[in-house]
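Here are a few notes to read alongside the coordinates. Have the viewer open as you go through the points.

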Amino acid sequence: MPPAAIDMIRENVEWLTPVAMVTKVQASFPEVSSAQVHRAWTQMSEIYWRRDEAQLLSAEKLLREYGDDVDLFTPTDIPEGVEMLCWGMKKIAGPLRGKVVEIGVDATYDTNSKHLELYSIMAEHEGAGFPISYLYLSTATSISQGKRKKALTAWAKCVRDTYGVFPKFTHVDKDMAEIGTLLETWNAKISLCWWHLRRAVRTRLSSGKLATTPYDAARARAEFSFIDLDFIPRGQEDRGEYEGGTHENVTPVAAASQGPGPPTIAPSGTQIRIPARDLGTQRPGSESDDDSDAGSGSDVDPDSDPVDGTETEGGTETDGGTSRTRSGRARKVPARFADAASPEAVTRAIRARAAAGKAGSKNTGTTASPPAEQEPEKKPRRFCPAEYRDAIINMMERHYCAHPLLPGYAHPSREGIKRWAVSQMYKFCVENDLPEVWAYLWENWYRATRWELWARSVHEEIPVLKTTMMLESHWRRIKHDFLHHFHMPRCDLVTWVLVAKMAPTYYRKLERLLVETGRYRELPCWRKDFKREWRKLEKRPITLPVNPAYKTDMKKGLCTCPAFAISRFLICKHVVQGYRRVPPVFFLEVKRQRTVPFWAHPSLRPAADGTGSTDADTTAMAGTDSDEDEPPRRAGHGGGGMSDFEDDDDDDDVVDTQKLEEDGQTFVEAMDDGIDTLIQFAEGLKYQRQFRDQRMLQALQREGASFLRLAKACLSKEKRSTRGTTPSTWDKSIGSAMFYRPRPPRREEMADGGEGGRAAE
């Protein structure tokens, strides 16, 4: 490489990423390749992060050098063989002490050459995420039971005790070791990430494997009496199919009808376990009817009547000749509509199967079963047909979002919501003959100790976050902005990136939120999405007459429509249009709360007619921020014309929060100050020409690009006016110069001057 290129890299190695360095170097030295720049950057940057040959020891020494920024933790009770290094972000966790209500925990992989897992705890503040601690962890060489959970718990307790972090909500994916850590460290509501939950369920429903999670019908029946003991999977169980791993306080119990057949001894002495077939005929080695306890009743819901069947002394026998032992083992294929749990469910199941039979799309078996030798060939069973998957996902989303604070959506109690959700999902599976799906959903999501992990209704408040996307975004930024330049970098390099490269961005972001710094402040990115959603709902028409089931409470900002509960921001068109027109400052200052009302701001005032503001006091309320040219909104509609916030999305990150008159300057004084500054700066630029410094030219082009575009647009507008053409108001090339008035041509100025001189004489 040319010596000048090497010097350029050395000067900027601490502040520029390799990608930015490539662009800068190749602008002056086109012959230099990107691989050369990356290699030189890595070698030159070692003085900043490499302290020892051993990677973790080097990372630990590096962290001690950043003692003003981080706290190096020394966890206790670490299992033997566990390798870990953890630290806290002092400049982030310190200012947030006592203000953290929600945290998220997640891990990422393939970030370093030692293949250590990288964990992070991020705190939510004003809708934004801030990393307060990191952990490197490897349990590959440890043989202790529960090694990962013990190590994570020791780390989490260090964070809790050092920074006083006591959140109400902890967000996590479905990893049971992380969940166990959060339960042991904090007395907080576990909230599974809805994105991970939905992906896990959709993946399983799309799978063709019939073997499902071991299902204990007796335990389900003990919790909800409407669950039928006979509605059980027909295939084999898969003891390894537990989402996130088997929960510690639940021992999976297989239903009696799912148990494998008795072992058969092969001539070689090896035991071969042959599973029982789901047929009405017996086979050698299986139980006979005489093995069941005589005189026992059928394990069915006592409140429901048998369907086309009669109770016998040894069990329940249907018209199809079906009999069941006391344990629930089927001797013949039962009538499919007898799997329901209550009279209402039976009726719905019969109607669904009858309708399907009329359409010729399903063999319902609503008549007596023919003899075994004449039984028609059955179609292969599928775990979950494609037409039911979206319905199940949407149903689970409603169950996830239901909460006692949202009236009219479900039962107004946490116990009632769970019963409603389980009943709705169970009846759907019964009506569509999905016993394997029901077993999977119950054992992984709806049974006790699993329901509490993802349902919002178990806590008295509603969290702001629904997912762990703040952590996923953090990992994506680390990998895409820095680590993708290297193949499995060292741990000390990754640590330097986290502490020296990523952390300053969060320091500045947090300071903008916590400290009033003057005219400008940086806003969280969620406010853009909130503003866009609010403006869209303002324009969405409301169908008249309004559904009488949709009731709005504008004092609390609530609505009983289904869209309100599943909304990310807990708003809907009925609520948005029930308020007066909000001013632009509303989107900059509104606060999200975790109980009713969910949004708090002085400008949120109910409209007199409940349809939105149509009077003039809204404009007075908005003050100087409102758009006088905006047409008034029509009653019952979302509003017409162009919104005053549709075209300023790019201005949300930097917002002027003070009024112009507070500067103490008139318009002329402020304009003269700007003109004097530009004239002096132009004279200074003329002086810079003699030095021919490319760096000054690049800085001017980079920092002054927007102003130069404005200047060119204004001058272009003058050139067009001299040719007698009037540019379009919406011409993109001069859109920024909309309020610039072109100067008159020079000959007109001379003529005006001559007339003025003669008049003066």
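1. A contact here means heavy atoms within 4.5 Å. Taking contacts between residues at least 6 apart in sequence, 68% join residues at least 24 apart. Keep in mind that this is a predicted model, where local features need pLDDT of at least 70, side-chain atom pairs count only at pLDDT 80 or more, and totals for chains, interfaces and linings use all residues. Numbering starts from 1 along each chain as its sequence is written, and side-chain values use heavy atoms, with hydrogens and water left out.

2. The chain has 25 helices and 17 strands (DSSP runs numbered from the N terminus: H or I of at least four residues for helices, E of at least two for strands). Of its 761 residues, 43% count as buried, meaning under 20% relative accessible area with a 1.4 Å probe, protein chains only.

3. Now look at α6, residues 147–163. Its 17 residues should span 24 Å at 1.5 Å a residue, and the end C-alpha atoms sit 25 Å apart, which agrees; the expected span is 1.5 Å times one less than the number of residues. Buried residues in α6 include W155, C158 and Y163. The helix's buried residues pack against β1, β2, α5, β4, β5 and α7. G164 follows α6, with a positive phi near 65°.

4. What covers strand β6 (169–172)? Both faces are covered, with F169 and H171 buried on one side and T170 and V172 buried on the other. β6 runs parallel to β3, joined by 3 bridges, and I103 stands opposite T170.

How values were computed
Buried < 20%, exposed > 50% of the residue type's maximum accessible area, 1.4 Å probe, protein only. Pairing = 2+ DSSP bridges.
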